[in-house]
Amino acid sequence: MGLFALAARLAAELGQEPLRGTAVGGASDGNYTAAVGCPTLDGLGAVGGGAHADTEYVDIARMVPRTRLLTELIARTRRRPEPGPTRGGMS
C-alpha cells in the first residue's frame, strides 16, 4: 500500500489523473515478487483496453505521461549503494 500511495502522490504532482487501485486475479510476474514480500505494482505500463484480444489498443497520447510517472517512481524508490572503497583500492 505504501508503494501505491507514493505512485498516487506522484501522479497528482505530475498533474495526471488519479490512480485507481484494484485487486484482480490473473497471471502476472508481479505475483512472484509480491509472494516473496517485495512491494509490487502491476499495470503501470501502457494505458489502453481490450487486453489480449483482436480489439486490443494503446492510447498513444498517454504513453509519455505514464512514462514520466514510472520514471519518477523509480527515481524515488531506487536504492543507492553505500559509500565505500572502489575496486583497485582507490577511493
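# A walk through the predicted model

Residues 24 or more positions apart account for 51% of the contacts in the protein with a separation of 6 or more, a contact being heavy atoms within 4.5 Å. The model is predicted, and local features need a pLDDT of at least 70, side-chain atom pairs count only at pLDDT 80 or more, and totals for chains, interfaces and linings use all residues. Residues are numbered from 1 along each chain as its sequence is written, and side-chain values use heavy atoms, with hydrogens and water left out.

The protein has 3 helices and 2 strands, in the order α-α-β-β-α along the sequence. Helices (H or I, at least four residues) and strands (E, at least two) are DSSP runs, numbered from the N terminus. Of the 91 residues, 12% count as buried; buried means under 20% relative accessible area, exposed over 50%, and partly exposed in between (1.4 Å probe, protein chains only). The accessible surface comes to about 7600 Å², and 57% of this belongs to carbon and sulfur atoms. Accessible areas come from the Shrake-Rupley method with a 1.4 Å probe, and for residues only the protein chains shown count as cover.

Helix H1 (2–13) has 12 residues that should span 16 Å at 1.5 Å a residue, and its end C-alpha atoms are 16 Å apart, which agrees. The expected span is 1.5 Å times one less than the number of residues. Leu6, Ala7, Leu10 and Ala11 are the buried residues of H1. They cover an arc of only 135° around the axis, so they lie on the same side of H1; the arc is that of the directions from the helix axis to the C-beta atoms. Gly2 and Ala12, on the other side of H1, are exposed. H3 is included in what covers the buried residues of H1. After H1 comes Gly15, with a positive phi near 75°.

Helix H3 (63–77) has 15 residues and reaches 21 Å from its first C-alpha to its last, close to the 21 Å expected at 1.5 Å a residue. Its residues Arg66, Leu69 and Leu73 are buried. These cover an arc of only 60° around the axis, which puts them on the same side of H3. The buried residues of H3 pack against H1.

Salt bridges come next. A salt bridge is a side-chain nitrogen of Lys or Arg within 4 Å of a carboxyl oxygen of Asp or Glu, and the count by this rule is 3. In one of them, Glu13 pairs with Arg76, with the closest N and O atoms 3.1 Å apart. This pair links distant parts of the chain, Glu13 in helix H1 and Arg76 in helix H3, 63 residues apart. Glu72 also forms a salt bridge with Arg76, at 2.8 Å between the closest N and O atoms. Glu72 and Arg76 are separated by about one helical turn, because they are 4 residues apart in helix H3. Salt bridges that share partners join Glu13, Glu72 and Arg76 into one network. The side chains of Glu17 and Arg62 meet in a salt bridge of 3.0 Å, N to O. Glu17 lies in the loop between H1 and helix H2 (30–35) and Arg62 in the loop between E2 and H3, so the pair ties together parts 45 residues apart in sequence.

Two loop residues remain. His52 is not a glycine, yet has a positive phi of about 65°; the loop that holds His52 is between strand E1 (48–49) and E2. At 78% relative accessibility, His52 counts as exposed. Ile60 is in the loop between strand E2 (57–58) and H3, and counts as exposed at 62% relative accessibility.
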